[in-house]
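Good morning, everyone. Let me put the structure up, and then we will walk through one chain.

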Amino acid sequence: MLTGTELSASIDKLLVLRKEIVSAFIDTFVMLGISTTVAIVIGGLFGVFLFLSSDRQFLQNKTLYGVLGGITNFMRAFPFVILMIAMSPFTKAIVGTGIGPIAASLVLAIAGSFYFARLVEQNLREVPRGIIEATESMGARPFTIIKVLLNEARSGLVLSVTILCISLLSYSAAAGMIGGGGLGDLAIRYGYYRYQTEVMIFIVIVLSIMVISIQASGNWLANRLDKR
Amino acid sequence: MNDMIVLNDVTKSFLSDRSIKDKDGKPHWFTAVEPTSLTIKQGEIFGLMGYSGAGKSTLLRLINMLERPDSGQVVIDGTDLTTLSASELRIARHNIGMIFQQFNLMSNQTVFDNVAFNLKISGYPSRDIHKRVMDCLAIVDLTDRAGHYPAQLSGGQKQRVGIARAIAPSPKVLLADEPTSALDPATTRSLLTCLRDINEQLGVTIVIVTHEMSVIRRLCDRAALLHQGQLLEVADVRDGLIQATTPIGKGLVVED
């Protein structure tokens, strides 16, 4: 066990780094916020079209489903660190730079989008077919049917956003490779390369608390929204 | 009385499971509805009866074009639905309500919102929606459940919400696909009374699919007896008895 002196020495080391820790915390928040939001929008749209173009749905189209599914599989096959490198010309073109937290957010957003697309497709598949049929029989427009589908799947969708957000938090640790910063990067640089174990432990604890709170709020909200 | 529903030589086949092939190696087409013609009058309660696989549900779903017939016409209140565009068909469907064996209510919406939904999509004036929903819930005796979610209701109550939802835009036709098959006998009886009342009070034409002879005997004016995709005969229902004349039809009727 730690003695009192060792513990206070460890705390001192952390205090010295407080500026870095705070700025890493902000970077993580920025990366997570941007990438989750973008992934929900792009991945959500992609997932809805994946579902609607699949067998027995009202946009049923083998070619479209094949193309959308193929793109999704291809993008999901990339290891995240390789995707960061592969996307650098693209991120440069869009945000003007291939490095930094914003550039990293873009890569995270793309990786997250295709991950989320599959989760959305799966959630929509769980809505009983009869509900789509009943809505069609009432003479609803396709857009209305999509709204009904999303509303019926809403608690599963919230849990999927929770999973997405936690996965992106974990991916973001690798963002240090392109100067994205963030907590994971700080843990690697100080905790691993500089043998400051207390920094690593502290950051792992902070990340754990983040994961626990994201999951808990996701569960709470999904539960509240579920009237089934 | 006017003819409300006229089916003219409608047919429907489905592509079978991939493992079943015809002799020439091509995928097998399964005929669910052989050429069938049928006329149902305004205000009538008409049954479609037969064993499973007889094609009764498919025939019902041809009436609101949930299944598009391979050939033939589907004329509802003078309009041939097979000639309509997608948006015209949506409008025509506001005139044809439907209820289902599994109720198919939106589980994340309250009873009130489930009924209001159908009014919204059929373009009902929004300021009148509240009153209309409550009126329809009164017809099915569920006003006190307006704020509940479907999961909080019994099977019979769910089906009554289904009825309220279907009749809300005042359709001329109500299609019922095995509406009592998931319900116990007592609940079935009260639901049949509810359908009978709606037919008498609102004059809505009802087409009901069932495999239960007792449902036909208690509720219907006439019934089509179906067997393996073919219409055997249309039998009158008098004094609670189905007046079948064909041999297979008589066999069907005595089963119960």
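Start with helix 3, residues 111-121, and helix 4, residues 126-139, both in chain B. Their axes come within 9 Å and cross at roughly 120 degrees. Axes here are lines fitted to C-alpha atoms, for helices over the stretch in contact, and angles run from 0 to 180 degrees between N-to-C directions. Helix 3 and helix 4 of chain B are therefore oblique to each other. On this scale, under 35 degrees is roughly parallel, over 145 roughly antiparallel, 65 to 115 roughly perpendicular, and the rest oblique. The crossing of helix 3 of chain B past helix 4 of chain B is right-handed; that is, the near helix is turned clockwise from the far one by less than a right angle.

Which residues make the contact? From helix 3 of chain B, they include B:Val111, B:Phe112 and B:Leu119. From helix 4 of chain B, B:Ile129, B:Met134 and B:Leu137 are among them. Contact means heavy atoms within 4.5 Å.

A word on the source. This is a predicted model: local features need pLDDT of at least 70, side-chain atom pairs count only at pLDDT 80 or more, and totals for chains, interfaces and linings use all residues. Residues are numbered from 1 along each chain as its sequence is written, chains are lettered from A and ligands numbered from 1 in the order written, and side-chain values use heavy atoms, without hydrogens or water.

Helices (H or I, at least four residues) and strands (E, at least two) are DSSP runs, numbered from the N terminus.

Now strand 7 of chain B, residues 173-177. Five of its five residues are buried, so the strand is largely enclosed by the rest of the structure. Buried means under 20% relative accessible area, with a 1.4 Å probe and protein chains only. B:Val173, B:Leu175 and B:Asp177 cover one side, B:Leu174 and B:Ala176 the other.

What are its partners? Strand 6 of chain B, residues 96-99, pairs with strand 7 of chain B in the parallel sense over four bridges. Pairing needs at least two DSSP bridges. Strand 8 of chain B, residues 205-210, also runs parallel to strand 7 of chain B, joined by five bridges. B:Leu174 has B:Ile206 as its bridge partner there.

Last, another sheet. Four strands of chain B form an open, antiparallel sheet in the order 2-1-4-5. Strand 2 and strand 5 of chain B stand at the edges, each with a single partner strand, so one side of each lacks a neighbour in the sheet.

Key
Buried < 20%, exposed > 50% of the residue type's maximum accessible area, 1.4 Å probe, protein only.
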